[in-house]
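Please open the model in your viewer and keep the selection tool at hand. The tour below moves from one selection to the next and says what can be found at each.

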Amino acid sequence: MTDSSGTASAANMKIDGDRLWDSLMEMAKIGPGIAGGNNRQTLTDADAEGRALFRRWCEEAGMTMGLDRMGNMFMRHEGEDPSLDPVYIGSHLDTQPTGGKYDGVLGVLSGLEVIRSIRDMGLKTRRPVVVVNWTNEEGTRFAPAMLASGVYAGMHTEDFANAREDAEGRTFGAELDRIGWRGAEDVGGRPIHAMFEYHIEQGPILEAEGKQIGVVTHGQGLWWLQVTLTGKEAHTGSTPMHMRVNAGLGMARIIEAAHRIAMDHQPNAVGAVGQANVYPNSRNVIPGRAVFTIDFRSPELDKLTSMRARLEAEAPKIAAELGLGIEIEPVGHFDPVTFDAGLAQTLREASERLGYSHMDIVSGAGHDACWINRVAPTVMIMCPCVDGLSHNEAEEISPEWASAGADVLLHAVLDVAEIVR
């Protein structure tokens, strides 16, 4: 609905929820999983196809693309004053190997929907608005997570990022070139007035509390510690138990130690192993090598530091008892994050204006916003997900949840980008 000037009245400024949902379902057709989700890992052919679709949609909405050397996509909607620093909306299109349809993708496509809705309502903003797809947020194929946003924020070098290898020895740089999505633009240095990242919660709190909107005030810090154990391959049937040098057994004991360490740091600390491989991974061969990554997280820096120190003290003792060689390499890290208080208040006010229930929340996962927060004012908004399930093909949200968060995103962006009537 528009007023006499041809622009939308504040009470009716909402995104097109059906169009947002249709976009999510259309993107989900690219890189389908085997159980209803997605396998659109970074820098695969499916990732390239998803990027192309996103670019087409953005250009149809009148946006222009910038592309940097890390493959970060910057889709710009011009403001009335192009000289002003833009407001950014950013997340990621890549998924886990057995990922859901919403993790990351909701934030990118909701940014697109914000621009579509601004155009539909005949609105103008003083500041430009840029929708970003950050490369390799998940970090599953190429560790660490949030790799390209980390380069953007000066946390990693381009050489470091380009040299990251996947499990088959392919490098990030070579795969980015192969799929044709490396740009010429320098990485970092773009002026950012503020950035919003919209994401599913990936936890159970919002649903349990009956809240539609999570205003993310803080993010947990993280350590990823990759452990490599070296033993001796031998026949499982003919090698006496006391003569085995079993890397798999060492891995099991260190995984148990990681769990115990996290439990000893309660509350507000977690730890687990989600990625583990033994070699040669044959039924009748005792593993001669094991490689796995321990994931410790906490919003409290002292606990995060203590968990890493404990693991690095205890794991070598376990390895020595079993006659194993051990290497521990940090492959991912960021300190706990405090997001911009003013932007968080903007989200609360937008939620209340729209009549959506909300609560402050701490993000349990890492996000590109955690790095961008180091170089520009940043905040996150979250919507519930069913049973808190994520990084799983059964990940689910409702169209109503998706729309509510995107409505708040629209209002917050218009507030900060300074709507022009």
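Predicted model: local features only at pLDDT ≥ 70, side-chain atom pairs only at ≥ 80, totals over all residues.

**Helix 8 and helix 9**

Begin by selecting residues 247-264, which form helix 8, together with residues 301-321, which form helix 9. The axes of these two helices come within 10 Å and cross at roughly 150°. Because angles over 145 degrees count as roughly antiparallel, helix 8 and helix 9 are described as roughly antiparallel to each other. Their crossing is right-handed.

Now show the side chains where the two helices meet. On helix 8, select Gly250, Arg253, Ile254, Ala257, Arg260, Ile261, Ala262 and Asp264, and on helix 9 select Met307, Arg310, Leu311, Glu314, Ala315 and Ile318, since these are the residues in contact.

**The cavity**

How many cavities of 30 Å³ or more does the structure hold? There is 1 of that size, and the largest cavity has a volume of about 70 Å³. To see its lining, select Pro144, Ala145, Met146, His156, Leu222, Trp224, Gly332, His333, Phe334 and Trp371.

Strand 13 gives the most, with 3 residues. By class, the lining of the largest cavity consists of 7 nonpolar and 3 polar residues, with no charged residue among them.

**Helix 10 and helix 12**

For the last stop, select residues 341-354, which are helix 10, and residues 399-417, which are helix 12. Here the axes come within 9 Å and cross at roughly 125°, and helix 10 and helix 12 are therefore oblique to each other. The crossing of this pair is right-handed.

To display the contact itself, pick Leu343, Thr346, Leu347, Ala350, Ser351, Arg353 and Leu354 on helix 10, and then Asp407, Val408, His411, Ala412, Asp415 and Val416 on helix 12. Coloured by class, the contact of helix 10 with helix 12 has 7 nonpolar, 3 polar and 3 charged residues.

Methods: Residues numbered from 1 in each chain as written. Heavy atoms only, no water. Axes fitted to C-alpha atoms, helices over the stretch in contact; angles between N-to-C directions. Helix = DSSP H or I, 4+ residues; strand = E, 2+ residues; numbered from the N terminus. Parallel < 35°, antiparallel > 145°, perpendicular 65-115°, else oblique. Left-handed = near helix turned anticlockwise from the far one by under 90°. Contact = heavy atoms within 4.5 Å. 1 Å grid on protein atoms, 1.4 Å probe; cavity = no way out; pocket = protein on both sides within 12 Å on 5 of 7 lines; lining within 4 Å. Points joined across faces, edges and corners; volume = space filled by probe spheres on them. Nonpolar A, V, L, I, M, F, W, Y, C, P; charged D, E, K, R; others polar.
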